[in-house]
Amino acid sequence: DSADVVILGAGPAGLVLGNLLRAAGVDCVILERAAREHVQTRARAGYLAQHTVSILERHGLAEGLRRRGQEHAVCEFRTEDDRFRLDYSLLGKGEQHWVYPQQELVTDLLNRYLTAGGRICFQTGAEAVRDFGGTRPTVDVRDADGRPGRWHARYVAGCDGRHGAARRSLPAGAVRRYHRDHAVTWLGLLAQAPPSLDAVGYAVHPRGFAGHMARSPEVTRYYLQVPRGTAPGAWSGERIWDELALRLGAAAHGPLRSGPIVQRAVVDLESDVLEPLRHGSLFLVGDAAGLISPSAAKGANLAVLEAEILADGLTAALRHSDPGPLDRYSAQCLAYIWRAQEFSHWMIRLLHAEPEAGGAQDGADGGSPFQDRLRHSRLQALRSSRTQQDWFAENYVGL
Ligand code: FAD
């Protein structure tokens, strides 16, 4: 089997790339390890930035989002004794988010790709990418029944996430890996419950961080900082709601609307960037290129942006024999990735006390008392300084 571009993975990165290449008349195929049902129901991101919506709109991919997504522009920070709100549509560049669950975006992109005649093979996992140093790379695959196969390509786009075959196929020594474990763990929860605030809620509490993010009128995502190593099922539903209420200050600011917890996942906050993102005819895109902690909701937004940049490069190379844009892909994307990493890191340090170097950790959430005072001072600056607020808004929504 062969295609000019073989795309590994049908997440936001792979599906945006597939749609854009098809629209440009570039021959491509998407190979996806999971079944279609799984891809369309995997709940992850929810906040899409203005520039992401602009990209989707530019290519006619934003119809569902425009119909069912909700505009959103307010976040609320809570501490034990206080709270304040920022309407970021009035700050910085005046941009806002759209709340649209990732699985719905993925479903829209997939339907659109298939309607346009796009080729996709589900339950086809890439095992290894070979010969990408030259111009005829191949991809070894295995289907759901374990039967091996091989795809021939001119270019391979690794959109298969952090644990995918694209990353695994890079020889040691060919890449520089930048990795940071932020020493913070979140229990990510999806509750079958209406949102409790009309804002994104960030609670900075001595017992640890708690977050509230609307997903739809019926579903809300919550996050609770938990000790490293906590199992997803370790906390009962009752304990989760009690802890959320305590950290989000429900007694002072109004009760939470509770409901069954329908999904739980433990997320260790980590950052991981590979350089460069191009290896001959193999490109890394989305989470395969750089993992970013979910603290600033950037991952899906970066994936869409990188997919557009790569689609332009592949189209220029394959349709117009112009290799220039592909040569610039890695440096261009890395500039966005590091900008997002820097802001995400800042958010992590705003929301969690930093563990003391050398291990002194006597704060309740694992951080040192000194770092805890710094964190409160940072929050105070965000509350009172318009300059800080403009900087926050520009980075929170933008890239
Ligand atoms: P993925 O969505 O991971 O897609 C990769 C695809 O490749 C998958 O379908 C997988 O099955 C497939 N695959 C894997 N291995 C192989 C293989 N060997 N062969 C073939 N296929 C393979 N980001 C935001 O922007 N905003 C948010 O609000 C936000 N919230 C988040 C909340 C949580 C709890 C988490 C975990 C993440 C969140 N993110 C958020 C991050 C966002 O979900 C990811 O960055 C995004 O999914 C990356 O898209 P991707 O296409 O690169 O990878």
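Ala, Val, Leu, Ile, Met, Phe, Trp, Tyr, Cys and Pro are counted here as nonpolar, Asp, Glu, Lys and Arg as charged, and the others, Gly among them, as polar. The shell around the ligand holds 18 nonpolar, twelve polar and six charged residues. Of these 36 residues, G9, G11, A45, G286 and G299 come nearest to the ligand. Among the contributors, α9 provides the largest share, with four residues.

The domain assignment gives domain 1, made of residues 5-46 + 101-175 + 276-345, and domain 2, which covers residues 182-271. Their C-alpha centres are 31 Å apart. Where the two domains meet, nine residues of domain 1 and eleven residues of domain 2 take part in the contact. On the side of domain 1 that touches domain 2, five residues are nonpolar and four are polar, while no charged residue is found there. Both domains also face the ligand, as domain 1 and domain 2 each supply at least three residues to the shell.

For readers who like to start from the database, an unreviewed UniProt entry places a feature named "domain: FAD-binding" at residues 3-343. In the model, this span is 32% helix and 31% strand, and its end C-alpha atoms lie 38 Å apart.

Strands of a sheet pair through backbone hydrogen bonds, in either a parallel or an antiparallel manner. Here, three strands form an open sheet in the order β3-β7-β4, with antiparallel pairing. Because β3 (47-48) and β4 (70-72) stand at the edges with a single partner strand each, one side of each is left without a neighbour in the sheet. Strand β3 is joined by two bridges to β7 (residues 97-99), and the two run antiparallel. Within this pair, Y47 stands opposite V99 of β7.

Finally, a word on confidence. The protein chain has an average pLDDT of 94, and 96% of the residues score at least 70. For the complex, the predictor gives an ipTM of 0.97 and a pTM of 0.94. Where pLDDT is low, the predicted coordinates should not be read in detail.

How values were computed: Residues are numbered from 1 along each chain as its sequence is written. This is a predicted model: local features need pLDDT of at least 70, side-chain atom pairs count only at pLDDT 80 or more; totals for chains, interfaces and linings use all residues. UniProt positions are given in the numbering used here, feature names are shortened, and annotations may be inferred rather than shown by experiment. A residue is near a molecule or strand if its C-beta atom, placed from the backbone, lies within 6 Å of it. Domain bounds come from an automatic or database domain assignment. Two strands pair if DSSP finds at least two bridges between them. Two residues are in contact if their C-beta atoms, placed from the backbone, lie within 7 Å. pLDDT is the predictor's confidence in each residue, from 0 to 100.
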